[in-house]
Structure formats: structure tokens, C-alpha cells
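Thanks for making time this morning.

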Amino acid sequence: MTDPVEIRNGSIVTPHGVIEGGRIVLADRRVAEVGDAGTEPIPEATTVDADGNVVMPGLVDLHGDDVEDELYPRSGARVDAREAVIAADRRNAAAGITTKFHAIAFEETPSEDRSIADATDLGRAIAGAEETLCDNRIHARCELSEESVGAVESLLEAVPVDLVSVMHHSPDGGQFDDEEFSDHYVEQRDCTRESAATLAVRRRNTSTRQRIEFIGRVAALARDRGVPLASHDDDSPEAVDRMAAMGASISEFPVTLEAAARATSEHGVATTMGAPNLVRGGSLWGNLDAREAVDAGVVDALCTDYHPQSLLKAPFVDTGEPLATRVARVTVNPAEAVGLYDRGRLRRGARADVLVVDPDPTPTVERVYVGGREAVRTTRPDDARERVPTA
């Protein structure tokens with residue numbers, strides 16, 4: 001049991017709006033009270049003065065592959081998987097992410113430091129991690145190949161997996177054309193032009209029939225295990241239709257506005273897009289602009305993709321919507337998309353994952369509470385705004 005924490009005077013983002021100069025109490029790992037700050041401070045609580053700050057739920061990230069960068073801080077320089085997970089955990093907590101789905105790529109592309117063996121090691125390290133700050137979970141990204149599907153099947157037999165997605169990065173569909181495919185793997189993944197060309201040929205040679213067979217195997221596995229299934233880079237309404245028929249409940253990074261609209265309006269499939277896309281003002285590869293999709297009302301959730309810090313910045317991008325709507329895309333919406341109904345909202349009884357954020361000049365975390373426990377504090381320990389009760 002943790003000591004009660006009372007956060008006062010901040011702008012508290014609730015599911016229904018913002019309480020200016022409000023008050024929130026955390027006790028027994030849950031949100032105990034939310035309201036205005038008109039009452040006297042609780043004598044036995046640690047009181048935090050959040051004047052000038054935004055108090056909001058902890059961030060929920062459904063897709064962040066930054067743990068792979070921690071595994072290989074430089075191409076070819078691999079560290080221990082457990083060390084990579086702990087480093088990623090700290091980095092994400094400092095960015096305000098309290099529930100993290102580490103997107104691990106099950107594919108054989110050694111030139112970009114991705115292998116099925118490494119993915120399996122990371123999955124096991126995440127499942128066995130101790131002394132972490134975030135709620136760390138596994139998102140298994142399955143490339144459409146016999147080796148990848150088999151490895152994901154084996155991982156689900158061994159450890160809890162929380163989300164499975166299918167992907168087929170090839171130059172004949174999805175987010176890349178031929179030139180973009182080569183540029184991506186050369187510029188972003190440190191491949192040579194020759195190795196990128198070899199990879200393109202191998203992925204082109206996976207027939208449509210084989211892809212459908214692999215998707216069916218992954219979908220059946222997810223269904224049998226009760227694990228949410230996501231599609232990846234849907235480039236047309238028809239692609240969304242196929243994946244929805246397979247049981248996909250999430251469409252990650254739809255490439256076109258038409259695909260995103262089909263997911264949300266026809267199938268009730270949650271769409272997720274990259275927070276970096278929104279923050280930087282467009283897609284790196286000329287695909288669907290997140291702001292355009294937000295304006296069209298077809299974005300349910302945002303994720304970090306490759307940059308954890310962008311998830312906190314995203315709700316502070318002015319889209320003309322209320323702050324509570326923007327915050328929902330990085331908190332309650334992604335949580336509910338994967339069946340986590342205990343978090344993402346500042347309301348009584350919810351899991352006490354809470355952030356105190358200084359919004360100016362750029363959104364930065366001052367305090368992070370995970371399950372009511374203080375995980376991160378970036379203010380000084382002797383900050384005059386905190387009153388810790390004495391005996």
C-alpha cells in the first residue's frame with residue numbers, strides 16, 4: 001500500500017473536459033477522488049502543487065519499436081536483451097508513457113539488425129523484466145514468412161503476448177513504392193543498395209496466396225489466445241475489409257484516407273497513426289498525413305512508432321479540438337482498443353497512472369505516477385511546491 005498523494009491546483013484533464021485549479025487524490029494504487037480544489041488538504045497525504053501544469057492520465061503506447069534501438073545502440077553493437085528492456089523502460093517512463101507495448105519485429109533482415117532470434121530474446125526479456133517503472137507489454141509484429149509465423153507461434157506458447165500484428169513491407173504495396181523501399185532500408189536501416197534489392201526480391205516472391213495463408217495462421221493464433229490482432233499499412237479499403245474479416249480490431253498506420261475511413265466507419269476498427277507524423281506535420285514517406293486524418297475524424301489513437309517523446313507532444317498540437325479529445329488519443333482510446341478498461345481516464349476507481357506536465361515552452365514531464373507510485377520526478381527534491389507531511 002502506498003501513501004496517499006494529493007495533486008492540487010492543476011488543469012486536470014478528465015474524460016469530459018478540464019477542471020481548472022482542480023484536485024486529484026491517489027490512494028491504494030487507484031484514483032480515489034477527482035474534483036475542484038476547494039477542500040482542505042488531506043493531512044496524511046503528500047501534497048503536490050500543480051499550479052500552471054496539466055494533470056492527465058499516463059500515456060498508453062500500442063506501437064513503439066525503440067527497444068530495438070536499445071538492443072543495437074549502433075548497428076552491429078548488440079547489448080544484452082535485459083539491459084535493452086530496462087533502458088527502454090526508463091526512457092519511456094521519462095516521456096510519460098506508463099503502459100508500453102514494445103513492437104518487436106519478427107523478421108530476418110540482419111542488415112538492419114533485425115532477426116527472429118533477437119525478437120524472441122526481447123520478448124522473453126520483456127516478459128521476465130523486474131524492477132521496471134512502466135507496465136511493459138509485448139506487441140509481436142509478424143512478417144509474412146514461414147519463419148516469422150512459426151517464431152510468433154512459439155513465443156505465444158512460452159510467454160504472455162498482448163498484441164499481434166501482421167506486416168509485409170514490400171515494394172509492391174503498403175507504404176513504399178520501389179524507390180521508397182530502397183531509400184527506407186538504405187537511409188533508415190543502414191542497408192546497402194544491394195541488400196535492399198535482395199530483400200525486395202524475397203518479399204515480392206511471397207505470393208498473395210501465401211500471404212493470406214500466413215495471415216490466417218496468425219489470426220487463428222490470436223483468436224485462440226484471446227490476443228488483439230492488428231493490421232499494418234493498410235493501403236486500400238479492400239485491404240481493410242480482408243483484415244477485418246480475419247478478426248483485426250486495429251488498423252495501424254493506414255496509408256490512405258480511404259483505408260482509414262473504411263476501418264472506422266464500416267468495421268468499427270480502431271485506427272492508430274504515428275504521433276511523430278502529427279508532431280512534425282506529415283509522413284516521412286509521403287503517406288497519409290496524420291493531421292489530415294484527424295481533421296477527417298478517422299484517427300482513434302496515436303502511438304510513438306520510433307520516437308517516445310512525440311507521444312506527450314501530440315495532444316498539445318492544436319487541432320482545433322478540446323484538450324480532452326486530444327488527450328484521449330494517447331490514453332483511453334489506445335487502452336480500450338486492446339481491452340484495458342482500467343486505465344487511461346482520471347476518474348474514481350481507475351488505475352492511478354497520472355502525469356503532471358509542464359506545457360510550456362514544450363510539453364515536459366514533471367512527475368509520473370504508475371499505479372499510484374511515483375516513478376519519475378524531474379523537479380528538484382526541495383521544490384517548494386511540495387509539502388511532505390512530517391511525523
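Predicted model: local features only at pLDDT ≥ 70, side-chain atom pairs only at ≥ 80, totals over all residues.

In helix α2 the buried residues are Ala81, Ala84, Val85, Ala88, Asp89, Asn92 and Ala93. Looking down the axis of α2, these buried residues fall within an arc of 160°, so they line one face of the helix. Helix α2 itself has 14 residues and reaches 20 Å from its first C-alpha to its last, close to the 20 Å expected at 1.5 Å a residue.

What do the buried residues of α2 pack against? Their partners are the helices α1 and α3, together with the strands β7, β8, β15 and β16.

Eight strands form an open sheet, in the order β6-β7-β8-β9-β10-β11-β12-β13, and the pairing is parallel. The edge strands, each of which pairs on one side only, are β6, at 59-64, and β13, at 301-303. Neighbouring strands of this sheet are turned by 25° against each other on average, with direction ignored.

How many disulfides does a search of the whole structure find? It finds zero.

The other two strands that the buried face of α2 packs against, β15 and β16, are arranged in another way: they run antiparallel and are joined by four bridges. Within this pair, valine 368 stands opposite valine 376 in β16. The two strands form a hairpin with two residues between them, and glycine 371 in the turn has a positive phi of about 60°.

Helix α7, residues 208-225, has 18 residues and reaches 26 Å from its first C-alpha to its last, close to the 26 Å expected at 1.5 Å a residue. Its buried residues are Arg211, Phe214, Ile215, Val218, Ala219, Leu221 and Ala222, and, seen down the axis of α7, they fall within an arc of 160°, so that they line one face of the helix. On the face turned away from that buried side, α7 carries the exposed residues Arg209, Arg223 and Asp224. Just after α7 comes glycine 226, which takes a positive phi of about 70°.

For contrast, consider a loop position. Glycine 38 is found in the loop between β3 and β4, and it counts as exposed because its relative accessible area is 69%, over the 50% cut-off. Glycine 38 and arginine 23 are 15 residues apart in sequence and 8.4 Å apart in space, C-alpha to C-alpha.

Let me finish with the whole chain. The protein has 14 helices and 17 strands, and of its 391 residues 56% count as buried. Among contacts between residues at least 6 apart in sequence, 64% join residues at least 24 apart.

Notes
Residues numbered from 1 in each chain as written. Heavy atoms only, no water. Pairing = 2+ DSSP bridges. Axes fitted to C-alpha atoms, helices over the stretch in contact; angles between N-to-C directions. Disulfide = S-S within 2.5 Å. Expected span 1.5 Å × (residues − 1). Buried < 20%, exposed > 50% of the residue type's maximum accessible area, 1.4 Å probe, protein only. Arc of directions from axis to C-beta. Contact = heavy atoms within 4.5 Å.
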